[in-house]
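Hi everyone, thanks for making time for this. Have the structure open on your screens and follow along with me.

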Amino acid sequence: MPSPEHRFDVLVVGAGFAGGVCARRMAEDYGLRVLVIDRRPHVAGNAHDAPDEHGVLIHTYGPHIFHTNAGKVTDFLSRFTEWLPYEHRVWAEVDGRIVPLPINRRTIQALHGVELGTEEETAAYLASLAEPRATLQNSEDSVVAKVGRDLYERLFRGYTRKQWALDPSELHAQVTARLPVRFNDDDRYFGDSFQQMPAAGFTTMFERMLDHPNIELRLGTEYEDVRAEVEAAQIVWTGPIDEFFGYRLGRLPYRSLHFERETRATPGGRLVQPVAVINYPNERIPYTRVTEFRHLTGQVHDFSTLTYEYPTAEGDPYYPIPRPENRELYHRYEALAAERDDVLFVGRLARYQYLNMDQVVAQALVAVERWAAARGLAGALAERTLPEAA
Ligand SMILES: Cc1cc2nc3c(=O)[nH]c(=O)nc-3n(C[C@H](O)[C@H](O)[C@H](O)COP(=O)(O)OP(=O)(O)OC[C@H]3O[C@@H](n4cnc5c(N)ncnc54)[C@H](O)[C@@H]3O)c2cc1C
């Protein structure tokens, strides 16, 4: 019989968005005793941020920009953070020029040396470049059908080949299916109604989210380290789904990244790049993009840190590789997961899906609500949302 310090109602594996949201909801709304573990020495999962040796606030696992249209996501997170308005911009370096992404009127004018007066002219010009396809078989088709071969080759092909080590013709059409194109000069990367960053950083937001009397946090702790000693009727698993099942059906493949950092003196708080992220689609350049963090964080400092991203096959699991055979393998694991009533699989690794932070928060909120409803649990949330008695 485990001693009381080893007895919990819920064991949450992973202290990222999926684990953090589930833990807080279960502890606060349903009064459950929750143990949260993470193998990393910090909270916030891939959204972790911390000052580097120069005091510059950096994102440990690459740039994380918060954007959403979901009010219930911002309502939940706003309890743990103030926000700093930030509109993300990404430019690409192409043949010695720097042009905005997504493709807009200025991108086309700069790359094709044309003058486009109005949105209608821009739309008509793009339509003249597009090479319509009867069916979109792959990612190359979906981009070429929208913006034509020249822009595809200069802006997308090399970037995609570096990112995935696959040619766009080998990738599912869905990967680039929602490629936004603007006919005006709007160069904001995202179109969401809420585009703000946590004012004191993601890590601080997580520290507040996990600060609850019913939550115990153990960092630098593997699931394997605690599974024998901890007793918990429910597990929330936010790690890789294939890992949970001991890779018994094979490994789900991921693409990873290697980051190289560079810090420059920026007296007077100046910035090195004109925007936060510059993409390098050219295949002769080994990295895909360079991020200058101070654009994202709003920090004013006499140093500025940039990170160069090199896609790799080995390393932390970052991007599920969007190929049909990988999806099929995931579905076989999903079938095993469906048999485990005692385990809730939540988050990007447990669902083998690229998800933005807001999508993970929304998924976790819904997962806990459904889980509680299935068990007939009445919680503070349920009480709070009941209509007032007449
Ligand atoms: C390079 C990059 C850039 C991104 N940029 C953005 C962006 O700009 N905007 C955006 O909205 N989203 C972005 N994302 C997506 C964002 O990172 C995810 O949506 C979010 O981190 C998912 O949270 P999660 O809790 O599902 O997973 P994670 O953050 O990965 O958390 C899972 C945690 O579980 C832990 N874990 C796993 N297995 C075990 C185990 N066996 N034992 C103990 N601990 C374990 C891991 O250490 C990890 O900390 C980006 C992702 C990447 C890779």
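Predicted model: local features only at pLDDT ≥ 70, side-chain atom pairs only at ≥ 80, totals over all residues.

Residues are numbered from 1 along each chain as its sequence is written, and side-chain values use heavy atoms, with hydrogens and water left out.

Okay, the ligand. How many residues surround the ligand? There are 33, and the closest are Asp38, His64, Glu243, Leu355 and Met357; here a residue is near if one of its heavy atoms lies within 4 Å. By class, that shell holds 17 nonpolar, 10 polar and six charged residues. Nonpolar means Ala, Val, Leu, Ile, Met, Phe, Trp, Tyr, Cys and Pro, charged means Asp, Glu, Lys and Arg, and the others, Gly among them, are polar.

Now some polar contacts, meaning pairs of N or O atoms within 3.5 Å. Arginine 348 puts a polar side-chain atom 2.8 Å from an oxygen atom of the ligand. In the side chain of tyrosine 354, an N or O atom is 3.1 Å from a ligand nitrogen, and for asparagine 356 the corresponding distance to a ligand nitrogen is 3.4 Å. Taken alone, the ligand exposes 990 Å², and the protein buries 97% of that; these areas come from the Shrake-Rupley method with a 1.4 Å probe, and for residues only the protein chains shown count as cover. Helix H1 (17-29) and helix H11 (357-374) are the elements that give two or more residues to the shell. Helices (H or I, at least four residues) and strands (E, at least two) are DSSP runs, numbered from the N terminus.

On to the sheets. Strands of a sheet pair through backbone hydrogen bonds, either parallel or antiparallel. We call two strands paired if DSSP finds at least two bridges between them.

Three bridges join E11 (residues 231-237) to E17, and isoleucine 235 stands opposite valine 343 in E17.

The other open sheet has three strands, E5-E9-E6, and is antiparallel. Why does one side of E5 (67-68) and of E6 (83-85) lack a neighbour? Both stand at the edges with a single partner strand, so one side of each is left without a neighbour in the sheet. E5 pairs with E9 (residues 194-198) over two bridges, and histidine 67 has glutamine 195 as its bridge partner in E9.

Leucine 101 and proline 102 are joined by a cis peptide bond, with omega about -10°. Tyrosine 247 has a positive phi of about 55°, although it is not a glycine.

Technical notes:
Polar contact = N/O pair within 3.5 Å; in protein donor to acceptor, adjacent residues only side chain to side chain.
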